[in-house]
Amino acid sequence: RDAISLRGTRQSLRAMAQVQQGIGDAGAAVVTLEHSLKVQQRIVTLLRRDAPELLAAEKDSAADLCHEVAQALLAARPPDEAQAQRYLREGLHAKESHVPCLLALSRLLLRRGEVAHAERAVVSLRRAAPGSVDARMLEAELQLAQGSVDAAAYQMGELLEARPGEHDALARAVRLLKLAGRLDDAEKMVAVAERAGKAAAREPGVRFCRGLVNRYRNKPEDAIACFNEARHSAAWGVRAVEQMVWTYVSPDGDAVWRTARSDRDDDGGDGAGRGGPAMGPRGRRGGAAAAATGADRKGGEATSPIEASDVALALLGGIAPKNRTRQHSVLR
């Protein structure tokens, strides 16, 4: 078969894999993507012989497919990190400077504790994408893994001061600094982002990051209020609801479960604003959250018939009712 018809087969297989991922069949998606990658390898072989001038673009496509297979493997339950790492390295063999593969490999190696290998990957990433915010954040994460907390905090602060609108990077910085025991530094970074513009403090990404800080400060009600404001955003909504779930079910947030219904019940709870009923711990319209208020907790475990997963699914159903796979993955 010629390269043109093989390209059509490849695209059809990738589209099928997207459908399989959409319905939550991660295993089938991996198989389909692996088949697509084999087709792509056949295309590369044909072009190497017949049209070497077109080879570079097809190697890019091969690296993209390797990255997609790796992401599908990491999204599976349980994730297959070893196979994902193999595919990411295969993608880098196809194209040494492929930024998505370098990013994914660096994160995976850091998560697995392979700091020396992660350092080499981060160096390659900085060389391939010198201006990348993700690359600089990964460098800071690497410094934390190596015990250089001050250097990591400085790197994150410098980056976020120069680019206060990088809210994804800010959220990662808050999490990393919390793990490093530097929550005061994280709070300062969020405060800088809140002062970055006239309406910056009300932006969903900033409210999400403020909610993280409140959650880590063990202020569950303040955290819920912030996440509730961010949950109407297309970019931050799912993440905000996930954090609301963990705030409700966290053993350190017992007060959220026990909060008595207040006089605010009569006017609709804590004020969810334009996006629908309130999701706060006190509101009558808080759904399962309100029902769980009286859950009997003993030794940090929910002992009533209302399980944490019931609360989680009820909350998640308010923002992504069509994405049940995503909802259930949050609960695992």
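This is a predicted model: local features need pLDDT of at least 70, side-chain atom pairs count only at pLDDT 80 or more; totals for chains, interfaces and linings use all residues.

Residues are numbered from 1 along each chain as its sequence is written, and side-chain values use heavy atoms, with hydrogens and water left out.

**Overall chain**

- The secondary structure comprises 17 helices and two strands; helices (H or I, at least four residues) and strands (E, at least two) are DSSP runs, numbered from the N terminus.
- Of the 332 residues in the chain, 45% are buried, where buried means under 20% relative accessible area, exposed over 50%, and partly exposed in between (1.4 Å probe, protein chains only).
- Among contacts (heavy atoms within 4.5 Å) with a separation of 6 or more, 53% join residues 24 or more positions apart.

**Helix 11**

- Helix 11 (residues 204-216) has 13 residues and spans 18 Å from its first C-alpha to its last, close to the expected 18 Å, which is 1.5 Å times one less than its number of residues.
- Ten of the 13 residues of helix 11 are buried, including Arg 207, Phe 208, Cys 209 and Arg 210.
- These buried residues pack against helix 9 (167-179), helix 10 (183-194), helix 12 (220-230) and helix 13 (237-249).
- Just after helix 11, Asn 218 adopts a positive phi of about 60°.

**Nonpolar cores**

- A nonpolar core is a set of buried Ala, Val, Leu, Ile, Met, Phe, Trp, Tyr and Cys residues joined through side-chain atoms within 4.5 Å.
- The largest such core has 34 residues, and among those touching the most other members are Met 137, Leu 170 and Phe 208.
- Helix 9 gives the largest share of this core, seven residues.
- Beyond its neighbours within four places in sequence, Leu 170 is in contact with Leu 160, Met 189, Val 190, Ala 193 and Cys 209.
- A second, separate core of 30 residues includes Ala 17, Val 30, Ala 104 and Leu 142.

**Glu 58**

- Glu 58 lies in helix 3 (residues 55-75) and is buried, with a relative accessible area of 6%.
- Leaving aside neighbours within four places in sequence, the contacts of Glu 58 include Arg 7, Arg 10 and Gln 40.
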